[in-house]
Amino acid sequence: MKQSTHQKPHAILFPYPLQGHVIPFVNLAIKLASNGFTITFVNTQSIHQQILKAGRTNINDVEGNDIFLSARKSGLDIRHVTIYDGFSVDFDRSLNHDEYFEAIKNDFVFHVDELVGKLVLSNPSPNILVVDTFYVWTSTIAKKYNLVNVSYWTEPALVFSLYYHLDLLRQNGHYDCIENKREDIIDYIPGVKAIKPTDLPSYLQSNDTNMVVNQLINSAFMEAKNAEFIICNTVQELESETIAALQLNQPVYAIGPIFSPGFTHSSVSTSLWSESDCTDWLDAKPHGSVLYVSFGSYAHTSKETIVEIARGLMVSEVNFIWILRPDIVSSDQTDYLPIGYEDSIKDQGLIVPWCCQTAVISHPAVGGFLTHCGWNSILESIWCSVPFICFPLLTDQFTNRKLVVDDWNIGINLCDKDSITRDEVAEKVKILMKGNVTEQMKQQMKKIRKELEDALAINGSSQVNFRKFMDDLKSKIPKNNVLAVESED
């Protein structure tokens, strides 16, 4: 009897080498593996070493060296490999941003080719390639090794659409214009309501469009048009018009938010810094009295800005936890707080280099979030019903602020100027934590949070879209011909 069957789905996952991208990729890996997929997860050697160092893991300990060990012990088929990115582990990628991402754009593909060439010889052989949309080599590798090409967009659909329609922004004089760059409202992007130029991602606001990041975005979104599937870590109901208008060459599936099964504590390490436990400090504070302050894992700001925020928080007299990465100003400048500041706020505030963000914002004592507007932070905070003070610093964060403040009404702006003052900080903190606006935002937050919850229900939009994506994906996997088996009576 002759039989023909699909090979078991085996996906190689390539997150972009930044923590804000690694987290949603890890969560996707667990979700796919929980649905019968074999996963090979690829971190750069640098990211992997930072995670091990943050967890104080002995790199010579074989079990401790495997961040997916506990997931595999629970029955999930997830393998973890690392890849060389062209630089030594101790190379400062943050300080040498342009040099690093120039190499990621131009040279990284050779290391990818070498690794995937080895992986296709494994058992079971991979047949799917799930790659961060910002990579520029996906279709080349997918075609060479006959892999189904999936692009994973870890930010909102609004930002995807703006990048995807760069040509429209150019044609209308809002981007890449030497002279007479327009500053009026943008109202011609399909599925995007009127948006101000100041709400575009920061790289689209720049007058210097020859930067390596702009070149990377251009190449990445030309590459995205070659993908067979696009999955997006957003919720259909939150961005229905934008998603509906994405009439692309391939289907787009809104499957978010993709959270860790444990939410507050993932079984897989993704942190690039050692996490402080803030539970005892929070337990001693009244319900909803603490402002959580964090500017994420990547963006930088100036020492002057840090000082003004520090003074403003103190003047506000609101309790706060402030996550201050050692490299928040620069990796070679770590002395940025006013002299004696931590002693002066010891009864009011707690300053730590890093923490488990989901554990903190889910604590009952936390009532607000002063945030850079990273997409992971926004989704996590909505899930915990914590409203925002928005202070975007880089890339998609300016567009994310628009969603939070203008479209969903669950946050307020810190300021609309290039610089901030301590008085502005104190005023906005008081408004969020003590003002009448908070109750209105809480009601709106309940509505938005319910949309996330409903989307993740069994028959919710994200679950339905995810099942449809898996079915469509499996149908694309090349069939294995099983040898005929003959029997005699």
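Within helix α13, the residues T305, I306, V307, E308, I309, A310, G312, L313 and S316 are buried, where buried means under 20% relative accessible area, exposed over 50% and partly exposed in between, with a 1.4 Å probe and protein chains only. The structure is a predicted model, in which local features need pLDDT of at least 70 and side-chain atom pairs count only at pLDDT 80 or more, while totals for chains, interfaces and linings use all residues. Residues are numbered from 1 along each chain as its sequence is written, and side-chain values use heavy atoms, with hydrogens and water left out.

Helices (H or I, at least four residues) and strands (E, at least two) are DSSP runs, numbered from the N terminus. Helix α13 comprises 14 residues and spans 20 Å from its first C-alpha to its last, close to the 20 Å expected at 1.5 Å a residue; the expected span is 1.5 Å times one less than the number of residues. The partners of its buried residues are β9 (290-294), β10 (319-323), α14 (341-344), β12 (366-371) and α18, with contact meaning heavy atoms within 4.5 Å. One of the residues of α13 is V307, which touches Y336, P338 and R422, leaving out residues up to four places away in sequence. Just after the helix, E317 takes a positive phi of about 65°.

The loop between β9 and α13 holds T301. This residue counts as buried because its relative accessibility is 13%. Not counting residues up to four places away in sequence, T301 touches I306, I328, V329 and L393.

Two packed helices are described by the angle between their axes and the distance between the axes. Here axes are lines fitted to C-alpha atoms, for helices over the stretch in contact, and angles run from 0 to 180 degrees between N-to-C directions. Helix α13 (residues 303-316) packs with helix α18 (residues 422-434) at an angle of about 45°, and the axes are 7 Å apart. The two helices are therefore oblique; angles under 35 degrees count as roughly parallel, over 145 as roughly antiparallel, 65 to 115 as roughly perpendicular and the rest as oblique. On the α13 side, V307, E308, I309, R311, G312, L313, V315 and S316 meet R422, V425, A426, V429, K430 and K434 of α18. These contact residues divide into seven nonpolar, two polar and five charged, with Ala, Val, Leu, Ile, Met, Phe, Trp, Tyr, Cys and Pro counted as nonpolar, Asp, Glu, Lys and Arg as charged, and the others, Gly among them, as polar.

A further helix pair is formed by α4 (residues 97-106) and α10 (residues 212-224), packed at an angle of about 25° with axes 9 Å apart. That angle makes α4 roughly parallel to α10. Their contact involves H97, D98, F101, E102 and K105 of α4 together with V212, V213, Q215 and L216 of α10. By class, there are four nonpolar, two polar and three charged residues in this contact.

Two further residues deserve a look. S381 sits in helix α16 (residues 375-383) and is buried, with a relative accessible area of 0%. Its contacts, leaving aside neighbours within four places in sequence, are with I361, F369, V386 and F388. E183, in the loop between α8 (166-171) and α9 (202-205), counts as exposed at 73% relative accessibility. E183 and P197 are 14 residues apart in sequence, and their C-alpha atoms are 6.1 Å apart in space.
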